[in-house]
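User: I am new to this structure and would like to go through the surroundings of its ligand. Please show it first.

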Amino acid sequence: MIMKSSMTKTEPKKIAFSGIQPSGIIHIGNYLGSIQLWLEVQGHYDAIFSVVNLHAITVPQNPKDLKANTLNAAKTFLASGIDPEKATIFVQSDVPEHAQLYWTLGTITKLSELYLMTQFKDKSQGTETVLSGLLTYPVLMAADILLYNTTTVPVGDDQRQHVELAREIARRFNDMFGKTFVVPQALIHKTGSRIMGLDNPGKKMSKSAANKNNYIALTDTAADVASKIKKAVTDSEGSIYYDIDKKPGVSNLLTILSLITGSSIKDLEKTYREQTTYAGLKNDTTTALVDFISAFQKRYRNISDAEVKHHLDLGAQKARAMASQKLEEVYERMGLSL
Ligand code: AQP
């Protein structure tokens with residue numbers, strides 16, 4: 001009996017959605033915290049990955065740079081190994097349903113919930129004029145996720161709070177209007193979900209950091225990587241082990257090296273046990289990053305803009321077909337369609 005019921009029970013379809021803002025050049029933190037997870041889910045899930053340009057404009061962007069960064073972000077997806085045969089890739093503003101669902105979800109989201117968001121607090125801090133888009137960004141992110149019946153959201157740790165809010169909004173809508181949305185789960189790496197800034201290992205690595213030594217961009221030259229890793233902030237203890245509180249800089253380098261080479265942090269600690277300076281760790285991290293980035297750049301150079309645009313056009317068509325169905329359902333539930 002039990003066997004029969006488990007055999008007839010259909011497994012819910014697993015759908016992964018995630019995105020990257022074209023707010024600058026994609027860095028190793030975005031890659032290790034997020035794109036690596038995307039590569040793991042593609043093929044096992046219906047995967048949907050977006051260049052979320054509507055999110056990027058929540059802080060001022062130069063239109064010319066935004067266009068270039070949008071195309072480059074999509075090219076980065078492809079050069080990283082995202083396969084458009086297995087995953088849908090598209091630019092967020094090409095699917096107007098994102099902005100439409102955002103509006104409806106905004107009408108059931110409390111201001112108090114939005115003010116709690118850490119990213120809003122960080123990005124609005126020290127700014128004279130705080131724009132409303134920065135505050136309501138997590139509602140748009142909820143719309144991005146909920147439009148596709150997403151079960152799983154592969155992201156870095158900084159997005160955990162936003163996914164939690166998307167879950168809350170989905171549950172609230174379902175309670176108010178009837179079951180419409182799947183309540184998604186975040187998928188976050190145990191290691192690498194928060195790569196820290198090289199210049200300040202107390203804060204996460206960020207595309208929009210003012211100091212270029214904060215991050216290793218996927219477009220960096222070997223000389224850039226060597227110089228940035230050489231300058232990476234560590235400590236004066238002179239011994240190499242993983243302790244995120246006591247040794248955030250060294251722990252960050254160990255994490256990066258471990259994820260790039262596939263060696264465990266435990267094994268790396270053994271390798272460097274006898275060393276009393278950080279030169280060896282820094283040299284090995286530089287070599288591993290340079291090897292990784294030069295292979296990435298080789299693939300990147302071989303992808304034409306026309307090829308990227310082709311995949312984005314097809315992806316937007318596929319995404320619209322899914323998104324418009326969900327929006328229709330929402331409009332029906334809310335009494336917006338006659
Ligand atoms: N430092 C990080 N470590 C691990 N994962 C990270 N992510 C971002 N920074 C790190 C993850 O990368 C994905 C894309 O991020 P995003 O483009 O949506 O924007 P973000 O999270 O705000 O990243 P940035 O680099 O700091 O951009 P700016 O400076 O524009 O705000 C997400 O899954 C994110 O978790």
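User: How far from an oxygen atom of the ligand does a polar side-chain atom of His-27 lie?

Analyst: This is a predicted model, in which local features need pLDDT of at least 70, side-chain atom pairs count only at pLDDT 80 or more, and totals for chains, interfaces and linings use all residues. Residues are numbered from 1 along each chain as its sequence is written, and side-chain values use heavy atoms, with hydrogens and water left out. Between a polar side-chain atom of His-27 and an oxygen atom of the ligand, the distance is 2.7 Å.

User: Which residue has a polar side-chain atom 2.4 Å from an oxygen atom of the ligand?

Analyst: On the backbone side, a polar atom of Gly-29 is 3.2 Å from a nitrogen atom of the ligand. The side-chain atom at 2.4 Å from a ligand oxygen belongs to Ser-208.

User: Which element gives the largest share of the shell around the ligand?

Analyst: The ligand is surrounded by 24 residues (a heavy atom within 4 Å). Strand S1 (15-20), helix H2 (28-41) and helix H7 (118-124) each supply at least two of the shell residues (helices are DSSP runs of H or I, at least four residues; strands are runs of E, at least two). With four residues, the largest share comes from H2.

User: How many charged residues does the shell around the ligand have?

Analyst: The shell has four nonpolar and 15 polar residues. Asp, Glu, Lys and Arg count as charged. In the shell, the number of charged residues is five.

Methods:
Polar contact = N/O pair within 3.5 Å; in protein donor to acceptor, adjacent residues only side chain to side chain.
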